Each structure stands twice: as C-alpha cells, then as structure tokens.
Amino acid sequence: MMRYTVVRGGLGLLTVRRAVLSPRFSHSSPRSEYRPIKKVMVANRGEIAIRVFRACTELGIRTVAVYSEQDTGQMHRQKADEAYLIGKGLPPVAAYLDIPNIIQVAKDNNVDAIHPGYGFLSERSDFAQACVDAGVMFIGPSPETVRKMGDKVEARSLAISAGVPVVPGTDSPISCLQDAQVFAETYGLPIIFKAAYGGGGRGMRVVREYEELEENYQRAYSEALSAFGNGSLFVEKFIEKPRHIEVQILGDKYGNVIHLYERDCSIQRRHQKVVEIAPAFQLDPHLRNRLHTDAVNLAKQVGYENAGTVEFLVDRNNKHFFIEVNSRLQVEHTVTEEITDVDLVHAQLHVCEGRSLPELGLKQDKIRVNGCAIQCRVTTEDPARGFQPDTGRIEVFRTGEGMGIRLDSASAFQGAVISPHYDSLLVKVIASGKDLQTAASKMSRALAEFRVRGVKTNIPFLQNVFNNHQFLHSTVDTQFIDENQELFNLKPTQNRAQKLLHYLGHVMVNGPTTPIPVKAKPSSIDPVIPPGTMGDPPIGFRDVLLRDGPEGFAKAVRAHQGLLLMDTTFRDAHQSLLATRVRTHDLKKISPFVSHNFSNLYSLENWGGATFDVAMRFLSECPWKRLQELRALVPNVPFQMLLRGANAVGYTNYPDNAVFKFCEVAKENGMDVFRVFDSLNYLPNMLLGMEAAGAAGGVVEAAISYTGDVSDPMRQKYSLDYYMNLADELVKAGTHILCIKDMAGLLKPQSSKLLIGSLRDRFPDMPIHVHTHDTAGAGVAAMLACAEAGADVVDVAVDSMAGMTSQPSMGAMVACTKGTELDTGIALEKVFDYSEYWEVARGLYAPFDCTATMKSGNADVYENEIPGGQYTNLHFQAHSMGLGNKFKEVKKAYVEANKLLGDLIKVTPSSKIVGDLAQFMVQNNLTRAEVEERADELSFPLSVVEFLQGYIGIPHGGFPEPFRSKVELERGKILHIKALALGDLNKAGQREVFFELNGQLRSVLVKDTVAMKEMKFHPKALKSIKGQVGAPMPGKVLEVKVEVGSKVVKGQPLCVLSAMKMETVVNSPVAGTIKAVHVTTDSSLEGDDLILEIEE
C-alpha cells in the first residue's frame, strides 16, 4: 500500500465560519459574483439531508427540510430549522421527484440554495435548471454539466474526446428491446443495462443468457423510471471481475479542478456498494496516477464545478475503463473526507457561493492522504435470505462508537419504523486508522457493539467481511461476495433481552400459553367436614413444647412409647399431588377436626418454600396469614416447616440477617419445628439455618438429604460412613432432632434398617425422624423397617392424599402398627373420616392433579432418583414443553444429567438443576457424550450455569470435571425488568407493551390474538402447501403476470414486487394451473402474504 505524508496546514479555512472569508482573496481567474447563502433546502431525505444540515449549521446557514407524507416521523425533518410537506397524495418516491412542488416550497420560504443530496433528483438536469430559473442556487454542477454527465451516452463521448478509455457500449440510449438484442449479438454476452439518467445500482441488470434478456430489460427500465423519473437505458459490454475504482473531483466556477484521491468500491451486491475504502488498497502507483489524471482532464473538458465522482472499472490486466460521472455527492464521500481532512459539503457550499478552490486553500499540491478509511452501510437487509429487505419497527438501537469511528445516520433510532418505500440504509459506519488492517479492526469492534432489534440487518455479514483474509491482505473485485460463500456463515445473535420482553409482553396481552395437559374441570361438590367434638382440643405435643422448650420437647419425643407420625397432608402431600394449589380455605375447614382427633401427631407439616411461591404467584394469598389462621385453629399440634438452610424458603442464598429475621418472624406467627436441610448437604449452609432457627426459639431438626443406596456395596459415593460422619457434625452443632430426608423414596427396607439402625446405635438419645415418598410403592414397608430399627417419627399423608409421589398412607401405617409396640394410638375410623374429606376436596383441584399425567407410581425411581415433589412437576413441565410423549426419555435423561453433574443429592433446588438439564438434553436431542463434547458451545439453562458457579454450595466430591471447566460461566448478565403499561390496539391488531429494562424505556409490539379474530387481514401463505406462493419480502405489487386459469411452468415469472426501490420477480415454485390470485397491482404486502395459489 502507498505511504503518504499528512499535510493539514492549508485546509483549516474549510471549517472556519463563513464570516472569516472575504473578497480580499484574489487569483488570476476572472471572478464570479459572490452570493452568500443564508438558507439552504435539501431536496432529499434521511442521512444525506442531515449530513448537509450539519455542515450548514457549522457555517451559520439556516436549514429547510422537505418530507413526504410517509416520512412524517423521520429524523431529517426534526433536524432542520424548518420543515415542509411535499407531494401530498403522491406515492412515497414520487413525492421527492415533484419538482414544481419543491421549487414552490423553496420560493415561498426564501430559500437561497437547494442541495439535491444523492439519488432522487440529484442528477436531473431539469431540476437543476428549474432551480436556476426560479432564482435559487443549485448546489452542484451547472444544469448543462448535469445533463451531459447524466446522459451516460454523451458522457462516454466526452470521455473518448478527452482520451479516456471506455467500455464498448451504445452511442445513445436504446429505444427498445430489439436494440439490446442487436448489441448482444454484436458484442456477445454478458452485457449490462444501465440507467441513462441515474446511478446507485438502480436500473442496472446483467444479462448472461439470451433467455434472460427481455425480463432484465423490463426490470431495469421499470427501476430506472421509478427511481429517476426516466426509464432510458444504455447497454455496455460487461467486464468480468473488475475492480471498481472511483476518483473524487472538486471544481469551482473559475476552471480549477482537483482530485481528492480515489476510493475502492469493489465490494458490491447487485451492483450496489456495500463497503468502500480510501485510498484503494494495493493499487499500482502508475495506474493510480492515470486514474487521477483522466478524471481531472475529463472534468476540465466539461467545465465541471462543485463535487463529483468519476468512476472506472479496472480489469485483471490493470487496464482502466471509464464508466460514468456522478455529478453529485456520493454516499461514500465520507471516506475521502476522513483521509484528506477536507469537508466536501463545506466545499460545495463555498463553491456555490462563488469562492474559488485556491481561496479555500484547496490546491492539488496541498491535498495529502492520511492513513486509511473504510465505510460500510448497515442496512435492514437479511443476508440469510438473499439480502431481502426487512421492514418493521426498531425496538432497540445501540451503536458502536469510540476512537476512529464516525457514524452518519438518520432513520436509525429506537421506535423508528422502517418502511418498504425507501432505501434500506440504516447508518453509515466509517472507521479510520493508519492502514487498512487498523481501520478494519476498529470497524469490527464498532459493529460488535451495535445492537439492533426489531428488524434484520446485514451486520453479521459485514463482520464476516472485515474478518476475511482476502479483504485484509489482498485486493478484491466486484465478484468478492459471490465467490466467498463463507461470508454467509452468519453467527446468530443472542437477543436474550428482547426475546424475554416479547414473551412477557405476549403473556401480558394474551395470557399464559402453558398448556394444561388435561381438560379436567374442578368438581362441583364441596367436601363435607366430618362431625367432631366442640370445645378445646386435647393436649398435644405443642403443649409439651410450650411448657418444656425445644430440649424438653425432644426428650418427650424420644421417650414416647409407640411410633409417632408427622402428617404431610397440609403441604408436601398436596405439593406432590396437586402442584401446591390447595387454598387456605380448604385447609382451615378440616383443621378443627385434625386438632381434636389427631392431637398425638408429632407435627403437621404445613409450610415451606413451595407454599410461599404458589400462594403469592397463583393463589393470591398471604402465606403469613395462612400460618396465623391455621395456628389459631390447631393450637395443640406442633407445626413444622422446611427451611432450605441459607436459602430460607427461596432458591438462592440470602444474607445471614435475612434468614435470622425470617425464622424469628415465622416463630412469632406460629411455627414450631424448623426442618433444616441443604440440597447438597453442604454443611456451612445447614449450620446457618440451624443457628437461625435456634436463635428464634424453634425446634431445630437437622435433615440429611438421602440419595443412593447404603446397602449396595457398588455405590459408595454416598456410603453409610458418609451419612454417619454428617450426622456426627449435625449432632455436634446442637440439633434437637435428627432427620433423614428421603425425597425420592429410595430407602428400601434393607437400607432403612442399616442406616437407621446405625444412627440409633451411635445416638441412642437423639430422636430420629424419617421423611420419604411412596413413588415406587414400597413406602409403607420402608417406614415400618425404619420404625423397627429405631426411628421415633415417620411421615405419612392421609390415605386419599397418599401414595404415588406423595407420602405413605396414614391408614396403612396405623393399621400395620396397631396392637404392636409401635402402635400409633390413632383411631383408624378417624383416619377414614379425614380421608373422605380430602377425597372430595381433591376433586376441586382436578386440573392440577398428578393423575392427569401419571396413573401410578413407578419403581424406575430407584434408577432415576427423581424426588417425589419434583416427579409430578417434571411430568407436567414435559407436557407443557411438548415433551409429554417423551417423558420416558426425560426420565432416562435425568439419570444421564445427574451423572454429568457428578451424581448430586437431588432435592430443591439441586433437583431442579438436574431436571432442567434433562429436559434441555431431550429438547435438543443430545446424549450425555454430546453434551460433554460440546459443553463449551452449548447455551445451558441458567440453573446449571449457576450451580457450576457455586451459587448453591459445593457438592460432595467437588464439581464435575472437565465438564465444569468447559461450560462458559457467564457472569454479570442480569436483566432488571419492570412492566409499565399496555398500549391501545392499533390497526395491525397489535398492542405496544412498555417496559423498563435496566433503567431504559423499552417497548415491543405484541399481536392481540383475541382482537385479531375480529379484524380482517391479508391471508398468509402456508409453507406446508406447495402451491401457495407468498411474498418473499414486504413490498408493493408492480405487476401481476398471470390470471386465474393460466397454465404456468416451474420458474415462470408470476408477479413483480418493489421494495426499497429494488424490484424482485416472484417465480412459480411448481408447474400447474393458477387457482386463485389474491393481489392486484399496487397491493401492499407484508412478508409471507399470500400472492396466489397454484393447483398442480
């Protein structure tokens, strides 16, 4: 690459306010009259309008914008000092081509000069002449020069006269298709059609096959007519794989012309520039000089004034060919400004006023190149779908900035609506550096910082371009994109926050979509309260607790003759069977009966984490009020709750003082026994919970979570020694009661005898309580074995709420121990009455009953070790995720997920982690080996990541390796979301939902599914039906080429769509007969709207 020395000294005048410049500057050329500009109108829109407004403001010039009816909300209208509507009632593009209206607005508002921008009227000589005729200065070349340069054929002739080589082509615009056919036959294919009166890729079509000639002629003519108001075309021989090099020129009214070096615009798609570089990379110095010389000579020959660009093609032999002059400012003028430090818009304004280039300090020997600049155009085009334009509302817009980055934009802001009527450009990003590689690095960094949500963009594609080895280290030609298909290997964006907002918005507008796997309706029969005794209830173990304190209570439990029972019906039973949905109302109704007839229960388990969660989220109840009301109705039986150690009743570690205060308030409101556990048996977490419960004055019951099988010598991770050592630590810590929490129901009779017998031998004075689930159906046998081995208390649920994933049957335990030394002292007939109440009450919760998805227990729990409280929920979740028919696979995956995570103790929240990973594996069809192999690239559920980060403690045996090291433990990605409001229904059947996300206002548009049923919309094409043809992109129908009954062949053109000034032909996907046509000319379509139906 050529090295240049930067010289900036002579260019400072361009950025000084106009008042500094005065007529005292003199030069040899005859002076033109100096006419100061006080007010400028830009006859354009979007980014270029704002670019000119900024330059005018810097020079103290007042600005005027014009806008179409469709551009009412566009930014360029707001950036100007004044703004006026043009083209009322006209189509969107036609509004900006309405010369009489634009001139009238300029005259009515005392406009001194009009800047045409680029596109639209910028190369229309009749517009330039209309400005002059109206006494308004045209910021650009003279009308005659615009005419000569705009007529591509005449421009070719002038180039030939100036000795500039040209590509073989027609001498004048062709008048019909036959002219094109003659040219093709004379020079051979490929050829290219070009708009005679405009550029920018509009009206340009390459023809490689004779069969394509007519269609491409029609499309080029139509595009040129739409974009420039004139469909005239000329034809050239198409040069294969050239470099596209253009030279920036600047002339004044006195015959001075300079160049500001060249730009490489070879990276193109459909003849539209995507990336521009200045200066051209690795360009032969001699060729560079010839390009500059030819450009200046041609400009001088036509008396060119103001800014313009001379464009060339350079073939593989370094031969250059003139193609056209763009007599206007180019989209890519920015890169020239960055490397030369010349503000081209300032220069345009000064030249228009009558200043000379030398007067402005612009002499050829003073112009130097400093480094390299790259521009890319961020557009709303989807590279994954052939760069189809995308439309819609920008929900999020965040740019990349920093040193070496310049942004020129207009329509890119949060809330902007991208329509199909105009160019797809969102923002121009310009990066500058000492060389190409440095500038490309800055560009890549800036693009990575962009966040655009709501519409598709080409940013992933551009990022691939700037990381491409050929682009960075070699030259590229116009076939670069077509020949580098790896550019289309697009990295998907995560878009986590916006996806979450859309989901939340959908729930707010349409309600939850989680399907209930059954259509069971609640029973209409209310349960009848069994007859009972009035008056004060008998004395129970709570009276002992209140009298003797926790230590005395523990001694009384140990000294009790017979087996004590804890009834879980008030919590864990209905958590396991009815998704914790039982209301306080139904618990209160049966409470007096329990108080009077089951006063000899060890405790009632009636509170815990799931109680809090469901009461507040689904039942709209206060869990504290439930505790207070039940306490008043059952004063004699101790209440027991689950305390998840440092998690309290939540799912994450809380500050120590919060756990202490929670226990204190729970005790004050009626709680007695705190069963403290940790999902990983992590001792530090358990000790905190024990200390908090003890400080509150409660009974501390330390619970060891059980997994594995102590009677199986092949499974020794959780061996008998493991449990005995843990029990030693808990007894030393001062627990009042020792509990074994068998949450999956894995205790078999043999392992029960071994574990409980060993504990009883080591701790003869310590009360032992055993909790289990009856998933396998062996719960009663296991609990009898525990009682015989020395357990003081076992858990049961009343018969109609027992079995399956709940606890063993109360009636069965009472009957089996009756008349033995383990006799519970409970009347069996009272159990029957109690059970009858719950049998009817259970019918009230039929939609949540586990029997909706499972009909019996299952001994496979000994293999998968799924906790009873989770088993039902997991089954329900599988149905809601569409995996109901794969629950067997989910259970098998649960086993593999548990192994992946190192064989965990599984109880809330660790069981949820295993369950989440299992469902993730089934949903994504992953084996254990595949998860291990791809751990560094998979997006795991958050619960799995947080577990591996140590959020819930350290598992026995440590974290699984190398799995843990391979998982990306992303930190610091916390989204703070607050729902604010719902908007009114719009014409599209949508409501705007407003949120506050991380302190910033965000909104999403959500379809109101109920309201849309009452509204009429264009039907969508069903992709599953082969003959239904849908719109490949949003746009307007220009032409329908078939009618009902027409016979078509596969690939035959059916209709033509226009979007963002580009035309697309929709071809037939199948051969057949047109059955129905759903559009007409000028129909506006959204993506996938049904165009027509074909019957094969």
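How much space lies in the largest cavity? The largest cavity holds about 40 Å³. The legends below describe a predicted model, in which local features need pLDDT of at least 70, side-chain atom pairs count only at pLDDT 80 or more, and totals for chains, interfaces and linings use all residues. Residues are numbered from 1 along each chain as its sequence is written, and side-chain values use heavy atoms, with hydrogens and water left out.

**View 1. The largest cavity and its lining.** A cavity is a set of points, on a 1 Å grid over the protein atoms alone, where a 1.4 Å probe fits but cannot get out. The structure holds 3 cavities of 30 Å³ or more; a volume is the space filled by probe spheres set on the points, which are joined across faces, edges and corners. Lining residues have an atom within 4 Å of a point. The largest cavity has 13 of them, and P116, I139, G140, S327 and R328 lie nearest its centre. By class, this lining has 6 nonpolar, 6 polar and 1 charged residues. Ala, Val, Leu, Ile, Met, Phe, Trp, Tyr, Cys and Pro count as nonpolar, Asp, Glu, Lys and Arg as charged, and the others, Gly among them, as polar.

**View 2. The second largest pocket.** A pocket is an open set of points with protein on both sides within 12 Å along at least five of seven lines. The second largest pocket contains about 270 Å³ of space. Of its 18 lining residues, R35, V132, M137, F138 and K253 are the closest to the centre. Both β5 (137-138) and α12 (344-353) supply at least two residues of the lining; helices (H or I, at least four residues) and strands (E, at least two) are DSSP runs, numbered from the N terminus. The lining of this pocket divides into 8 nonpolar, 5 polar and 5 charged residues.

**View 3. Helix α28 (residues 810-817) and its buried residues.** M810, G811, M813, V814 and T817 are buried, that is, under 20% relative accessible area (1.4 Å probe, protein chains only). They cover an arc of only 165 degrees around the axis, which puts them on the same side of α28; the arc is that of the directions from the helix axis to the C-beta atoms. The buried residues pack against β23 (564-567), α27 (779-789), β30 (793-796) and α29 (828-842). At the N-terminal end, S809 caps α28, with a side-chain oxygen 3.3 Å from the backbone nitrogen of G811. G819, which follows α28, has a positive phi, near 80 degrees.

**View 4. Helix α22 (residues 623-633).** The buried residues here are P623, R626, L627, L630 and R631. Their arc around the axis is only 125 degrees, which puts them on the same side of α22. Among the elements they pack against are α18 (541-559), α20 (584-597) and β25 (639-643).

**View 5. H771 in strand β29 (residues 768-771).** H771 counts as buried, at 0% relative accessibility. Its side chain makes a polar contact of 3.3 Å with that of H773; a polar contact is a pair of N or O atoms within 3.5 Å, where within protein one must be able to donate a hydrogen and the other to accept it, and residues adjacent in sequence count only if both atoms are side-chain atoms. Leaving aside neighbours within four places in sequence, H771 is in contact with D572, R675, I740, K741, D742, D795 and Q807. Contact means heavy atoms within 4.5 Å.

Key
Buried means under 20% relative accessible area, exposed over 50%, partly exposed in between (1.4 Å probe, protein chains only).
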